[in-house]
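User: I want to go through the charged pairs in this model. Please give the criterion behind each label.

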Amino acid sequence: MSIGLKATMRREVGRLSSRRIYLFAMVLVPVLMSLFFVDLLGEGLPLKIPSAIVDLDHSPMSRTVTRSINATELIDITQKLDSYEQAIAATRRGEIFGFFIIPPDFQSDALGGRTPTLEYYTNMTYFVPGTLAYKGFKTVAVGTTGSMVRSTLISAGVDPETVGSLIQPLAVDTHPIGNPWTNYSYYLTPSFIAGLFALMIMLVTAFSITTEIKYGTSAQWLATARGRMSVALLGKLIPQFVIWFIAAMFMLSLLYCYCHFPLNGSMLAMFAATVLFLIASQAMGVLFASIVPNPRLAMTLAALFGILSFSFVGFSFPVQSMYGFIGVFSWLMPVRYYFLIYINEALNGIPLYYSRWYFVALIVFPFVCSLLINRLRKACRQPVYVP
């Protein structure tokens, strides 16, 4: 290890220990947010989505449908309203995530064979609760339809066993691959925690570099590294990486040892992916500081990039279904490759060979940031701060 690198690392350790903002951003936020996300999705699946029923029939059959809806684990009938207008207003106010309408003369039409129509509406602005409410409503609607058909056929003299084979000729046995528990926490919690880590790493990296320029200490920082920008960056980033690494190991231990998240592949692969992910995120922070060597602008870019990663990398909406010009941004984010490695290695447990290009992509990020190292060297030698 060169003298310049050792001196720069000692200098960075002093800077990290002298400001409490580093302790807060690099230790408290990642640890507390990891605990928060684990607790938030602790049940694995949001249950009892607040919903409403609009019963325009008030018959024994409509009350049976209402009880069936409220008995499902996904739906909680919190309001009983009198009209579509009241229900849509409650949905817009955010009091409910969907509502089920039972039409007038529902029972008489059903018994008379006049095929009444059941309607249900869900608020898909909130994707997860809206989707779950839709699933619960559809299950009850299909079940009610089958029950009505069964009653009509039996009353017409058809044998009950024949009716059963007509209504459900095939029995479906479902086996979700990778997540047979359909546990949302196993899918979303590691993704959100990784996205948070990437955001904080980029912010802290950009902040630590650009504040050197802001306060005019960048020339001293470069001189400590014997005038070599690469040594100056390594001396600054290595102590930060050690702290991020410890926080990341806490995150992995929390997920796979304490919470027992599925790990069907290699723990060594997830360890390597985590290390490369931390380095790639630091490289993105260096890139932003090189493009705009100004604390306010660099951190704005890092924050924008990090926040958009929650939407663009495919955590809750598949990249394949995005518009092409939007989906392409997902491949510019390190967290996207870490997310794909997690799906392959932890959930699906497929051979490491199929994740090789994702590891290569994470390795490429530090080389990309080095393309602007001369620009950053110039900004450090002649620091000019523009408020």
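Analyst: The structure holds 5 salt bridges. This is a predicted model: local features need pLDDT of at least 70, side-chain atom pairs count only at pLDDT 80 or more, and totals for chains, interfaces and linings use all residues. Residues are numbered from 1 along each chain as its sequence is written, and side-chain values use heavy atoms, without hydrogens and water.

User: Why is the pair Glu 212 and Arg 11 called a salt bridge?

Analyst: The label requires a side-chain nitrogen of Lys or Arg within 4 Å of a carboxyl oxygen of Asp or Glu. For Glu 212 and Arg 11, the closest N and O atoms are 2.8 Å apart, so the pair meets the definition. Glu 212 sits in helix H8 (residues 184-214) and Arg 11 in helix H1 (residues 3-18), 201 residues apart. Helices here are DSSP runs (H or I, at least four residues), numbered from the N terminus.

User: What makes Arg 11 buried?

Analyst: Buried means under 20% relative accessible area (1.4 Å probe, protein chains only). Arg 11 has 16%, so Arg 11 is buried. Glu 212, at 0%, also counts as buried.

User: How do you know that Lys 236 forms a salt bridge with Glu 12?

Analyst: Their closest N and O atoms are 2.7 Å apart. Lys 236 lies in helix H10 (residues 229-258) and Glu 12 in helix H1, so the pair ties together parts 224 residues apart in sequence. Lys 236 is buried at 0%; Glu 12 is buried at 2%.

User: Which residues are linked in a network of salt bridges?

Analyst: Arg 11, Glu 12, Arg 15, Glu 212 and Lys 236. Within it, Glu 212 and Arg 15 meet at 3.3 Å, N to O.

Methods
Helix = DSSP H or I, 4+ residues; strand = E, 2+ residues; numbered from the N terminus. Buried < 20%, exposed > 50% of the residue type's maximum accessible area, 1.4 Å probe, protein only.
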